[in-house]
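Subject: Structure handover

Hello,

Here is the structure we talked about. My notes on what turned up follow below it.

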Protein chains: 2
Amino acid sequence: MDKKTKQLLTRGVVEIIQQKRVQEKIESGKALRVKFGIDPTGSDLHIGHTVNLWKLRQFQEIGHTAVIIIGDYTASIGDPSGKDTTRPQLSGEQIQENYKNYEKQALCILKKDHLEIRKQTEWFGGFTLKDIIRLMASRSVGEVLAHETFRKRLETDSPFSCHEVLYPFLQGYDSVAVQADIELGAIEQKFNLLMGRVVQKYYGQEPQDVMMSPYLIGTDGKEKMSKSLGNYIGLQDESNDMFGKVMSVPDTEIVPYFEMVTDMDSEELENLKQGEELSGTKARDMKMQLAQTIVSTFHGKSAAQRAEKTFLSVFQAGDTGKGARDVVVKKQEYVLVDLLVETALSPSKAESKRKVEEGAVYVDEVKKTNPYETVHISRSPCVIRIGKRRIVSVRLKD
Amino acid sequence: MDKKTKQLLTRGVVEIIQQKRVQEKIESGKALRVKFGIDPTGSDLHIGHTVNLWKLRQFQEIGHTAVIIIGDYTASIGDPSGKDTTRPQLSGEQIQENYKNYEKQALCILKKDHLEIRKQTEWFGGFTLKDIIRLMASRSVGEVLAHETFRKRLETDSPFSCHEVLYPFLQGYDSVAVQADIELGAIEQKFNLLMGRVVQKYYGQEPQDVMMSPYLIGTDGKEKMSKSLGNYIGLQDESNDMFGKVMSVPDTEIVPYFEMVTDMDSEELENLKQGEELSGTKARDMKMQLAQTIVSTFHGKSAAQRAEKTFLSVFQAGDTGKGARDVVVKKQEYVLVDLLVETALSPSKAESKRKVEEGAVYVDEVKKTNPYETVHISRSPCVIRIGKRRIVSVRLKD
């Protein structure tokens, strides 16, 4: 197996069905169609989604076609996988709004050639009731209810609407519509991914193979990165924010992030994996490099450098150990989040807001809970701090 | 409650949900829309279907509208109620063919005014995937799997395809489409009938009420009349055949047939029910009257009278007790079923065929199994019989 094939089959991959066939397909030299579906349930993607975008990029690099499915129909149902309750159905307008930026975001990672971005509307827009009846006849109720999520919901009497049963059928039919050879997805999507194989067979196509990625751990270092848990790094986060969020990732996740959400050279990655555990200055340096790499991907190199500078200035200020830094401001009134940026206590409004919400922001030792509270500044200094180490003493300019 | 309302609520009715509301609706004087759905799974109806057609007629008589749904979509799925296996999906052409005669057949019982015959195509023809998603969100999987048939199939691992789950949703949506106030159906359809209530509510309509009829027992006197069991009287059976089939119904079913599949005056019916059990000549006379009534409904009075004559001539021939009747025929060769009619052993080809298939037909004491076998007739007589009593001695004309 050559280096690139090996990387394809192993980097950020937790299971392949069927491994042997995928290897044969790749080695056959045939141009493959590699599918990855995204449901436009939010307005932007987070770097958890990029695990499979990077995998698609690797396929593109050796001449295969990346086929991205914008799940504008499945989004209206909501993927039931791993959910213990029925998601609210999204309206057509919300969905439309949500996917507007997806292409732009995906193109930060993917190449424009060997790329198809397809909406389910193309094939489901004209789907009739007869088509649905035919599609749903492809599997038995017993098989579908064997889906772990479904089974659990039934067993625990959790909300479980009949329309959710459609989800795996639609995802499966996508593979028929785009004639997928391989489908990528997260491991929790296994049931839906395998559905493509069954449905393709039913419609007389060669069944696709399936490559599954592990979860990317979120910035909390504990849970899978996800929007609803708030531990995510959004692709549309401003550069300072994105940089800061990457820096907040625990040291143990540095290598997995390099592996899954950057294009770090595979040998370099191998060395990193083989080397000693990251800690101290070494960890900090690698994390700075990681933040640089990730911010560059979405905002360009110079924005990444500026973000690094901002980050350093804020944190070095806090790190001096000389107690409060003196800051003089020009206005008598500030919205709290603006004041935190103005005084360089925080790199961005979003970060400021998060810190307030975490309960880490104090003004004259009073904990603040409303990020948009107005703070009055006079000629006699007041002390503002985030946590214990980032402290300033602020007063109005004479 | 007046006489007509009482008849509506009780004659051929086994359960009403909700009885009180139906009575109120009827007594309110509002013109009601009473729905009855038929799946065109066969080319003709049998008198089991007429139980609810007669009920519709009773509603028409007091000014309400009968709404017949031709289930051209549900037929393509097949009603899973009471079935332990998935039905084969019918093609559009088969279904088209099947319902061509339905209107004509229904009009033997229903009046033309206050009648709507509607095909599901009207509303499901334009149904989109979004419509289906919305519809299927109206009930939980747990509720649908509580359907006894579904539950049994899952428990016994019987074939059960996902598309069958659509059936109750479609039947339910029919009620929305035609704005049904009341739906009629057989008791085994209870789950599907009640589905209309849920779906109507979900779409913001007042939920319909449901009136359920008992089974009509078939000509075998044992099982529910049904096509697949072969114990049915088809509305398109020729008159002699229909007459003969009614006469083959056991005495115990005479009263239920009068109640459910004729328009016998309700007082007369009451007397019949209150009177002593039918047997002997009395039973035979009542059954003749029943056969007359049923054949008249579908073939007119004079055809019914001719059928009675034919029936009597055949059976009186067998009843003489004088052994074989002599018959002279003109041809040397006959197809067996034709010969049985020619010799008046049987009133029709269809009846002849059935008798052969039952193993009741003998030629010179050899049991015949092929109804289309050629029988050679010579100048020396041969003996043909059906069972023990219908016997002829046949020879070729000199």
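Which residue of chain A comes closest to the rotation axis? It is Thr128(A), with its C-alpha at 2.7 Å.

First, the ground rules. This is a predicted model, where local features need pLDDT of at least 70, side-chain atom pairs count only at pLDDT 80 or more, and totals for chains, interfaces and linings use all residues. Residues are numbered from 1 along each chain as its sequence is written, chains are lettered from A and ligands numbered from 1 in the order in which they are written, and side-chain values use heavy atoms, with hydrogens and water left out.

**The two copies**

Chain A can be laid on chain B by a turn of 180° and a shift of 0.0 Å along the axis, with an RMSD of 0.1 Å. The two copies are thus related as by a two-fold rotation axis. The superposition is by least squares on the C-alpha atoms of residues with pLDDT of at least 70 in both copies. Of the interface residues of chain A, 100% are also interface residues in chain B, so the copies meet through the same surface.

**Chain A overall**

The secondary structure of chain A comes to 19 helices and 13 strands. These are DSSP runs, numbered from the N terminus: helices are H or I with at least four residues, strands are E with at least two. Along the principal axes, the C-alpha atoms fill a box of roughly 80 × 45 × 40 Å. Chain A has 398 residues, and 53% of them count as buried. Buried means under 20% relative accessible area, exposed means over 50%, and partly exposed is in between (1.4 Å probe, protein chains only). Chain A exposes about 18,100 Å², with 47% of it supplied by carbon and sulfur atoms. Those areas come from the Shrake-Rupley method with a 1.4 Å probe; for residues, only the protein chains shown count as cover.

Now contacts, meaning heavy atoms within 4.5 Å. Take those in chain A with a separation of 6 or more: residues 24 or more positions apart account for 73% of them.

**Aromatic residues**

A pair of aromatic rings is described by the distance of the centres and the angle of the planes. Rings of Phe, Tyr and Trp (its six-membered ring) pair if their centres lie within 6.5 Å; planes under 30 degrees apart count as stacked, over 60 as edge-to-face and the rest as tilted. By this rule the count is 18 aromatic pairs over all chains. One of them is Tyr202(A) with Tyr203(A), edge-to-face at 5.2 Å centre to centre and 80° between the planes. Tyr202(A) is partly exposed at 33% relative accessibility, while Tyr203(A) is buried at 18%.

Phe124(B) and Tyr173(B) form a tilted pair, 5.7 Å centre to centre with 40° between the planes. This pair links distant parts of the chain: Phe124(B) is in helix 7 (residues 121-124) of chain B and Tyr173(B) in helix 11 (residues 166-178), 49 residues apart. Both are buried: Phe124(B) has a relative accessible area of 0%, and Tyr173(B) has 14%.

In chain A, one aromatic cluster is formed by Tyr73(A), Trp123(A), Phe124(A), Phe127(A), Tyr173(A), Tyr202(A) and Tyr203(A).

**The core**

What has the most contacts inside the largest nonpolar core? Tyr173(A) and Tyr173(B) do, in a core of 62 residues. Such a core is a set of buried Ala, Val, Leu, Ile, Met, Phe, Trp, Tyr and Cys residues joined through side-chain atoms within 4.5 Å. Beyond four places in sequence, the contacts of Tyr173(B) include Trp123(B), Phe127(B), Leu135(B) and Val199(B).

**Tyr334 and Lys331**

The charged end of Lys331(A) sits over the ring of Tyr334(A), 4.9 Å from its centre. In chain B, Lys331(B) lies over the face of Tyr334(B), at 4.8 Å from the ring centre. The rule here: NZ of Lys or CZ of Arg within 6 Å of the ring centre and within 35 degrees of the ring normal.

Tyr334(A) is in strand 8 (residues 333-335) of chain A. Tyr334(A) is buried, at 6% relative accessible area. Its C-alpha is 9.0 Å from that of Tyr372(A), 38 residues apart along the chain.

**One threonine**

Thr74(A) lies in helix 4 (residues 74-77) of chain A. Thr74(A) is buried, at 2% relative accessibility. Leaving out residues up to four places away in sequence, Thr74(A) touches Asp39(A), Gln120(A), Tyr167(A), Leu170(A) and Gln171(A).

Best wishes
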